[in-house]
Amino acid sequence: MKTGAFVCSCAETCDVDLEGVREGVEGVDVVASSSLLCEDGLAAMEQVIDEYDLDQLVVTATESRCKRKFRDLAAKKGLHPEAAAFVDHREGAGWVHDEPAATEKTARLLTARFEGLKEEAVSRSVSREAGRSVAVVGDPETATALADTADVTLVADGREFADVDADLDDVTIERGRVVGVDGRYGDFEIALGARVTDDCIGCMKCVRKGPDEGVTRRPVDISPEVAEAASGREEWVECCPTDAIELSGVERTIGVDQVVYPDADSETRGGRLGFYTGPIDAGTIAAVEDLLGGVEKPKHLDLEMDVCASGESSQMGCNECVEACPHGAVERPRIDEVAFDEVACQDCGACTSACPTGATKLREPSNRRVAREVEALLEPGDSGGWLFGGSDPIGEQVVAFVCSERARRTLREYGREAAVGNGSAGFTYHPILPVSVPCADAVGEAHAMHALAAGADGVALVGCGDDCQHSGPDPKAELVSRLNRATGDLGLGERATFLAPDPDDAEGFAESLDEFVGSLGESPVPAGDYEATGGIADEDRPNPEFDSHGWTLESVRAILEHSDPEREVIRGLKDFGRMEVTDDCALTPTCTNLCPTDAIRRREGNLEFDHERCVNCGLCEEGCPETAITMHDGLDLSLLPENREGIAGEDGRPDDPAWTTVMEGEMRECVRCGKPFTSEASAEKIEGEVGEMVAGLAPDSDHNVFEYCGDCRARLLFER
């Protein structure tokens, strides 16, 4: 692939030095510039494409009209329809930073975009068939609007529709109040509670004879308050010719493909695809109609469930993805398994940043792509001085993982306001180095620690705060708290923050960012010379590259080459566990069989633990029959093999430094063949539990059956 970078100054309205950008972009085959690339520069751009036989274009452009022109040019030259990629040099750089910083930042953004494109995933899709049935709760206008395209059921939810100004002739009306909504897109079930059964024929006798308020005509139903008041005084109730009134209430369910429930809270909705809450507008109607009959959408996740630590043998282990997903797209069909509904996935990335093993990862941007973009954005402190007298125009290098939804739009709006001086004349903020992510939820401890290992002075999660369409601000704040605890223990001080830019408070964002930047000292970790492999050197470890555990550990090791940790145990890193075993341990093989990362083994009668492999899933603790295991969070540097090399075992020979003995035991040797076959503790435990039941199996033997290995025990019984 041959790539060209093209830079524009938007008719010199963008405070970017074109020559400086051309000098600063790295890796591409050619860099060209124009003061108005989308107009006068198009012809020259076409010539450059031909001269260098380009396959890929990276262009500074933010306006849809301009992007369309560049895409059309790419198509005209026979390139791939998506061959043009874009960088925000204006709202995110030239309009909110001074010229040196904007120039340097634009060059780095182009370089990072180029590096990221090398790792771009091939597009895939997922699909699900569905019907055309839609339940609308309590909103006759929306039901009417959908009636021409969908099979609509209007759920009364206690409301009266007799006098509404809406044409409900093509709408099925269901009585009852919503008790609950279960299921997913294409298979929702709505539980309805009512005081009138389906035997009702709509004769209106109860409406005429009952109280003026609390008995509805369309549909016929009785409010819970009226039903309670009528209990024991049921004269008017007995008028029903079909005995359809049930004051104690009846419950039934209806099945639909989609649900429009304006008054539902976010907890009820749970972020489920095909479930809509208020306010309802034309966009909601369009979204419902778009899903009628089924859906085909991009595949957001790569799943490698062979390395999942969710459970084993009816024991529940890691539950991070289930707890993290705000959309109900991850569930436990069984206690020892998790399943993903990829159609319901909303691409927030929460499950992927929470997963320690790499069983679930975002396809785009992949962790590898994010890593390469971060590394391209960070440069040695004096590398930006080629045009500006040796000073670095960026200053403190803050990698900002920016949510691609509201947060990114807000930062763009800040740029527009600054350009026109709309209450923000002279507005600037620190030149953060942005990496676009679907949501700040997609960022985990591995991403942040990698940025610091690559030389970032700080890491900022830039999200949507309370306006987040996914999990809200709390998980981001919790992550930042953990990260700062970890960086403090590593001797770096606090290096992370969470920012939620308010569209109406640009100055507040700038002040918060400046306060964070002002708290940062220069990182002791050099920038510009680091490329992560995304794992640890362990040939027997099956986890994919750039899994959270392995990637984080690699980053920590890179940081430790330049820092002086304040503690041996680095707190705040949740994907690392330390094993404590009490004397109750009988050295049964349960924990070794359950461990999904082979971090526990029995050897020569001892129980051994490999901290480097442990992802802190908790399966060993959960499944231990003696409840002898307790797992503690945190990365213990003293247990890493590089800090234990040369440690000798009991026989004087060096042991494998990755393994530590957490429980010493003694092996029982077979009295016939002499082969060690189990631990003394295990043998004694089993003998104590079933010894009396098998005492007579070998009456002529000099020893009991528990003193023979499995092979010799079988021969002993056969000889008998």
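The questions below look at one strand with its neighbours, and then at one helix.

User: Happy to start with strand S7: how many of its five residues are buried?

Analyst: Keep in mind that this is a predicted model. Strand S7 covers residues 151–155 and is mostly covered. Its count of buried residues is four of five.

User: What is the handedness of the crossover from S6 to S7?

Analyst: Strand S6 (residues 133–137) and S7 run parallel and are joined by five bridges. Between them the chain passes through helix H6, residues 140–146. This β-α-β crossover is right-handed.

User: And which residue in S8 stands opposite Leu154?

Analyst: S7 also pairs with strand S8 (residues 172–174), in a parallel arrangement with three bridges. Opposite Leu154, S8 places Ile173.

User: Now for helix H16: how far apart are its end C-alpha atoms, and what should the helix span?

Analyst: H16 runs over residues 474–489, which makes 16 residues. At 1.5 Å a residue, the helix should therefore span 22 Å. The end C-alpha atoms agree with that, being 23 Å apart.

User: Which strands do the buried residues of H16 pack against?

Analyst: The buried residues of H16 include Leu479, Val480, Leu483 and Ala486. Helix H15 (445–453) is one of the elements that the buried residues pack against. The strands they pack against are S25 (458–462), S26 (496–499) and S27 (569–570).

User: Lastly, which residue with a positive phi follows H16?

Analyst: Its phi is near 85 degrees. The residue that follows H16 with this positive phi is Gly491.

How values were computed
Residues numbered from 1 in each chain as written. Predicted model: local features only at pLDDT ≥ 70, side-chain atom pairs only at ≥ 80, totals over all residues. Heavy atoms only, no water. Buried < 20%, exposed > 50% of the residue type's maximum accessible area, 1.4 Å probe, protein only. Helix = DSSP H or I, 4+ residues; strand = E, 2+ residues; numbered from the N terminus. Pairing = 2+ DSSP bridges. Right-handed = clockwise from strand over helix to strand, strands pointing away. Expected span 1.5 Å × (residues − 1). Contact = heavy atoms within 4.5 Å.
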